[in-house]
Amino acid sequence: MMARKVLALNGDEAAAYAVKQCKPDVIAAYPITPQTIIVERLSDFVADGELDAEFIAVESEHSAMSACIGASAMGARAYTATASQGLALMYEMLFVASSFRLPIVMSVANRALNSPLNIWNDMSDTMGARDCGWIQIYNENSQEVYDFTIQAFRIAEDHRVLLPVMVCHDGFVVSHSTEGVEVLSDGEVDSFLPPRDPVYPLDVEKPVTIGCVGVPEYYPEIKYQQEVATKKSIETIKEILREFNESFGRSYGIVEEYRTDGAEVALLTIGSISGTAKEAVDEMRAEGKPVGLLKLRLFRPFPIEALRKSLSGLKVVGVVDRHISFGSCMGGALNMEVRAALYEMKDRPHVMGFPTGLGGRDIRVEHFLKIIDELLMIAEQDALEEEYKVVGCRGPGCIGP
Amino acid sequence: MLETWEEVTFAGYILEPGNAESYKTGDWRSRQKPVINQEKCTFCLLCWIYCPDGAIIRKEGEVEIDYYHCKGCGICAYECPSGAIRMRSEMEGE
């Protein structure tokens, strides 16, 4: 096989390059803050004639999603990108997109929400949108952003799925950090991603009504149908992932295990912070400590079975959230979900949450070493004192910066 | 029998255009319904124009109420200049 091109791309550029190769018909996006480089590059591609797409610069993110919904309902391949407050402003339309079962793909550069005003990285935005009915994929680096943006279109448009997909990468840490990205040829992308084949496109010759009233006599049936489709999509996602791995020499999973052989305690991470955490795991392993790591790629649908399998046999799991779910019982949404998923498991591990790196607070290897120390202590005592502890925060009750 | 979640259309799409006609809005009519006195009716068709639900059926020389769709709002009776339409309680019978 011919060696593939390696381009120097940051996470945003990797997303834009992948989207260009996926040939969307419509890109609708709000062009200024909190927008990222993604749509800037895409508008360059369109202006330079490298991408034959309708680029709609709308007046708000609510309109961006609305335009994507309209385009997708017509049968177009529609794409948008946003971050933080932009995603928050889209909230209403996110539900509409997923309920209409429209295969829209959206990149989100994960950033904190105001207030205080903060443009840096955490996952308050997409974690807050976890119940909107979108598939959510979280990426660790530019290479993953590139690979999963392409897969996102394939997953979304698969007739067994037909759901919108959020492809998430950490703001700045990934979105603005340049890395080498091995890109596929246009031909390879074309062979993996055929043109969209819409099921019920809006067509005057064959009219359909989308978004009609759902009276109480019908609403639950329509919503449960959506829930079943979302849950079942995990099988299709796994299948598409396998095909991508085999075709292009990758080795992705929906839950990825790192040095878990013989591990007694493990970190469970999501997004770019996984890289830093792996360094800490390596250091601990070098000292002979039984530590491993699990990286969650898919948050929606939540990979319950894969996670139960990966976590069984462990004594303690430290779940590293990137946001706070205020007033919840477990600190962050990931911790809540993991604990809920393990509840009915015999010999389940202790699970402690570590909301970490809020609003761009730098989290380094030594933070993870402290977390792992805590996990080893819980393993030794076979008891958990607290459900969660915020990491990277000054003051009592927290693990300091 | 109403459809199960497996039987309802994909995402609740309506695949058959114009099927609102088969939706029986008359079954949630307010407790009164319009009744026409054909002897008083002058076939001026104001009721036919004003009815918001298209529930007045225009026939040869006379009008008829479509009770399958009529919600009993009373606009036809209010607009009728010759007092040919009267709202009557559902309990009274025809």
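This report describes the fold and dimensions of chains A and B in a predicted model.

Chain A contains 12 helices and 14 strands, and its C-alpha trace extends over about 70 × 55 × 45 Å along the principal axes. Because a compact globule of 401 residues would have a radius of gyration near 21 Å, the 21 Å found for chain A agrees with that expectation. Of these 401 residues, 51% count as buried, and among the contacts in chain A with a separation of 6 or more, 79% come from residues 24 or more positions apart.

Chain B holds 2 helices and 4 strands, which follow one another from the N terminus in the order β-α-β-β-α-β. Its radius of gyration of 17 Å is well over the 12 Å that the globule rule gives for 94 residues, so chain B is more spread out than a compact globule. Taken along the principal axes, the C-alpha atoms of chain B fill a box of roughly 55 × 30 × 20 Å. Buried residues account for 19% of the 94 residues in chain B, while 65% of the contacts in chain B between residues at least 6 apart in sequence join residues at least 24 apart.

| Chain | Radius of gyration and globule value |
|---|---|
| Chain A, 401 residues | 21 Å; a compact globule would be near 21 Å |
| Chain B, 94 residues | 17 Å; the globule rule gives 12 Å |

Definitions and conventions. Residues are numbered from 1 along each chain as its sequence is written. Chains are lettered from A and ligands numbered from 1 in the order in which they are written. This is a predicted model: local features need pLDDT of at least 70, side-chain atom pairs count only at pLDDT 80 or more; totals for chains, interfaces and linings use all residues. The radius of gyration is taken over C-alpha atoms; the globule rule is 2.2 Å times the number of residues to the power 0.38. A residue is buried if 20 or more other C-beta atoms lie within 10 Å of its own, exposed if 12 or fewer, and partly exposed in between; C-beta atoms are placed from the backbone. Two residues are in contact if their C-beta atoms, placed from the backbone, lie within 7 Å.
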